[in-house]
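Grab your viewer and work through a few exercises on one protein model. Try each task yourself before reading its solution.

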Amino acid sequence: MIKNYLTSLKQEFSGYNTAKLMKDIMAGLTVCAVALPLALAFGVSSGATAAAGLVTAIIAGVVIAVLGGASFQISGPTGAMSAVLVGIVASYGLQGVFVATVLAGIILVIAGVLHLGKLISFIPMPVISGFTSGIAVIIAMGQIDNFFGVASEGSSVTEKFLSYWQLGFEPNMTAVSIGLFVMLMMLRYSKYIPSSLFAIIVATAANIALNLDVAVVGNIPATLILDDRLELASLLDFRTVIGLLAPAVSIAVLAMIESLLCGATASRMTGARLDSNRELLAQGIGNIIVPFFGGIPATAAIARTSVAVKSGA
């Protein structure tokens, strides 16, 4: 396995030069600008904290990237996990999420060892297209509040939409203007400059200089090892482990499907080969490690991966 890993690394970096490094650096900066608010938001929406989401994006992102079987894939917390995690937090607290994440990681490692990653080849292309489009819709719907500067209530898209009738829908035109500016920059100038990164920098600078009336991300953690992290006592609690087996299987299956579909999508965009079994191993190892830092389940993210590819990675 180690020999195969070293061989794949040699092939991946064959012909690597300064020009490609600079493209990767710019793509990394662009993805970072996109991933930062997403990580904070997904941490909160999962029932954990913004800090947990950020730590997940950093620790799991690095570990899975180093060990993974996809050249362009970027992992971290995702919105698709939120529904499962909210239920775990309600029943078992944050320690339950950490235990379930470790168990899911173990399941993913077993799936990789058993070569279950090959199952991705049997999934029809319409399923991949539908999955990708569905994730895009979920992300878009989840940003309505931020884009228009309004507030909603509820855990599902339907509940959020219905809550607008009760709470009112009065857009903050400053927030809308900033959102439109960033969108137009990305659509109009993506061929010439790293437009998403440039637009975020300009919009952020304008907000700081003019002190605009819009919501901001707020403080982020100054450490990678959070106070709220996995305790060995929780992992050794037999009753807790048994109770979390079913949610752990759900997390593992969701991570497997999302990661392999994301890898398949990235492969179509770049022509790079996906080693699905090695990717499952990497996802498993990453999810086993991240709870010890205070992180939540991680999986490959189509949004971040596609941004990386389109930014020249």
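Predicted model: local features only at pLDDT ≥ 70, side-chain atom pairs only at ≥ 80, totals over all residues.

Residues are numbered from 1 along each chain as its sequence is written, and side-chain values use heavy atoms, with hydrogens and water left out.

**Exercise 1.** Work out where Thr-101 is found and what Thr-101 touches.

Solution. 
- Step one: locate the residue. Thr-101 is found in helix α4, residues 82-113 (helices are DSSP runs of H or I, at least four residues, and strands are runs of E, at least two, numbered from the N terminus).
- Step two: check burial. Thr-101 is buried because its relative accessible area is 0% (buried is under 20%, exposed over 50%, partly exposed in between, with a 1.4 Å probe and protein chains only).
- Step three: look at the side chain. A polar atom there lies 2.6 Å from the backbone oxygen of Val-97.
- Step four: list the contacts, meaning heavy atoms within 4.5 Å. Not counting residues up to four places away in sequence, Thr-101 touches Asn-287, Val-290, Pro-291, Ile-296 and Pro-297.

**Exercise 2.** Take apart the largest nonpolar core: how many residues has it, and which elements give two or more residues to it?

Solution. 
- A nonpolar core is a set of buried Ala, Val, Leu, Ile, Met, Phe, Trp, Tyr and Cys residues joined through side-chain atoms within 4.5 Å.
- Step two: size it. The largest one has 35 residues, and Leu-85, Ile-88 and Ile-251 have the most contacts inside it.
- Step three: assign elements. Two or more residues come from each of α3 (50-67), α4, α12 (245-270) and α13 (276-289), and α4 gives the largest share, eleven residues.
- Step four: zoom in on Ile-88. Leaving aside neighbours within four places in sequence, its contacts are Gly-93, Gly-96, Val-97, Ala-100, Leu-244, Pro-247 and Ile-251.
- Step five: look elsewhere. A second, separate core of seven residues includes Val-31, Val-34, Ala-35 and Val-307.

**Exercise 3.** Describe the lining of the second largest pocket.

Solution. 
- Step one: get the volume. About 1,300 Å³ of space lies in this pocket (the space filled by probe spheres set on grid points, which are joined across faces, edges and corners). On a 1 Å grid over the protein atoms alone, a pocket is an open set of points with protein on both sides within 12 Å along at least five of seven lines, and lining residues have an atom within 4 Å of a point.
- Step two: count the lining. There are 42 residues, and Glu-12, Ala-70, Ser-71, Phe-72 and Gln-73 lie nearest the centre.
- Step three: trace the elements. α1 (2-12), α2 (18-45), α3 and α14 (302-310) each give two or more residues, with the largest share, ten, coming from α2.

**Exercise 4.** Is α14 mostly covered or uncovered?

Solution. 
- Step one: count. Seven of the nine residues in α14 are buried, so to the eye it is mostly covered.
- Step two: name them. They are Ile-302, Arg-304, Thr-305, Ser-306, Val-307, Ala-308 and Val-309.

How values were computed
Polar contact = N/O pair within 3.5 Å; in protein donor to acceptor, adjacent residues only side chain to side chain. 1 Å grid on protein atoms, 1.4 Å probe; cavity = no way out; pocket = protein on both sides within 12 Å on 5 of 7 lines; lining within 4 Å.
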